[in-house]
Amino acid sequence: MHVAHLSLADFRSYPRAEVSLGPGVTAFVGPNGQGKTNLVEAVGYLATLGSHRVASDAPLVRMGAERAVVRAAVVQGERQQLIELEINPGRANRARINRSSQVRPRDVLGVLRTVLFAPEDLALVKGDPGERRRFLDELVTARVPRLAGVRSDYERVLKQRNTLLKTAAMARRHGGRQLDLSTLDVWDQHLARTGAELLAQRYALVTDLEPIADKAYEQLAPGGGPLGLEYRCPVSGDSREELYEQLLAALGEARRQEIERGVTLVGPHRDDLLLRLGRMPAKGYASHGESWSYALALRLASYEMLRAEGNEPVLVLDDVFAELDVRRRERLAELVASAEQVLVTAAVEDDVPAALSGVRFTVAEGEVTPA
């Protein structure tokens, strides 16, 4: 899989940009603040419907513009598809595949797959559980695109349930009348059903990912492991139905406390992925270099997993080499050089390892030109 052409309109700093791409390595080189990351961020947005830099869509639209458009021609084997997303902050985004307007944005998921390495990846090891949940869910959706709908349904039910709990908590604190909470049983069932589907996919992913990540860590930092992954959740089971029953029971047990606090305390939105290095948790114990190697190993494992399943993604290395010492830089370059397409950003030419020789673009003052 590779991106053959990228087109931007009012995305970030670009009023308009047209970039022809091909298989192999393409590097975007230029001083910081010139728009290199904006290009690969657009590619990632088409693959995940989200940015690795910001949580909302508003910053993606160029100042003064009402909307942004990101479009790419994606080639997989003998097939080429044109995908387009119109980003409308505060309103529904719109999507097209091969010029058809009869698709939802989440229907675009799966047409393009990416694995992105960025300085922000250090948060996978050192950050809060939300970073690791996001990592799991983006990878799950890359494997099984229909899970985007399940995630959306779960978040909708969670929001509705939290609203009901918050209202009940406020009434209780201020001595108001007791609310009828019979509808909470219905929301419990919906939350448990969608939550069980997410849990099943996350458990399966962690099981499959662990040995691949351990191997990747050994390649990046020989003798530094072993690496271990453990999905931390109060419920477990061998089937979706078991997970549903256990999650439903856990919600029942937590109800009194949830009503007191006005928030849902059980479910996939509360879980974590425990990262171990040797016998110790990586968070708090791994050195800066070890943490970087761990984050890179997770990304490398993601790439290897998707490729083994027949869905080789585009690899994006966003300003990552400047963060690495020479040894890790060279090892990472050697491990990814054989990918069908690698997109690299770097502030200076010397940051791009020799193993990643290929096409170069210079990015300066909003212009993208062949070097």
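Glu41 is buried, with a relative accessible area of 1% (buried means under 20%, exposed over 50%, partly exposed in between, using a 1.4 Å probe and protein chains only). Glu41 sits in helix H1, residues 36-48. Helices (H or I, at least four residues) and strands (E, at least two) are DSSP runs numbered from the N terminus.

This is a predicted model, where local features need pLDDT of at least 70, side-chain atom pairs count only at pLDDT 80 or more, and totals for chains, interfaces and linings use all residues. Residues are numbered from 1 along each chain as its sequence is written, and side-chain values use heavy atoms, leaving out hydrogens and water.

Now for His269, which is in the loop between helix H6 (240-261) and S10. His269 is partly exposed, at 21% relative accessible area. Its C-alpha atom is 8.8 Å from that of Glu155, 114 residues apart along the chain.

Both residues make a side-chain polar contact (a pair of N or O atoms within 3.5 Å; within protein, one must be able to donate a hydrogen and the other to accept it, and residues adjacent in sequence count only if both atoms are side-chain atoms):

| Residue | Partner | Distance |
|---|---|---|
| Glu41 | Arg53 | 2.7 Å |
| His269 | Tyr154 | 2.7 Å |

What about the sheet? Strands S9, S10 and S11 line up in that order as an open, antiparallel sheet of 3 strands (two strands pair if DSSP finds at least two bridges between them). S9 (227-232) and S11 (280-281) are the edge strands, each pairing on one side only. S9 pairs with S10 (residues 272-277) over 6 bridges, and Leu229 stands opposite Leu275 in S10.
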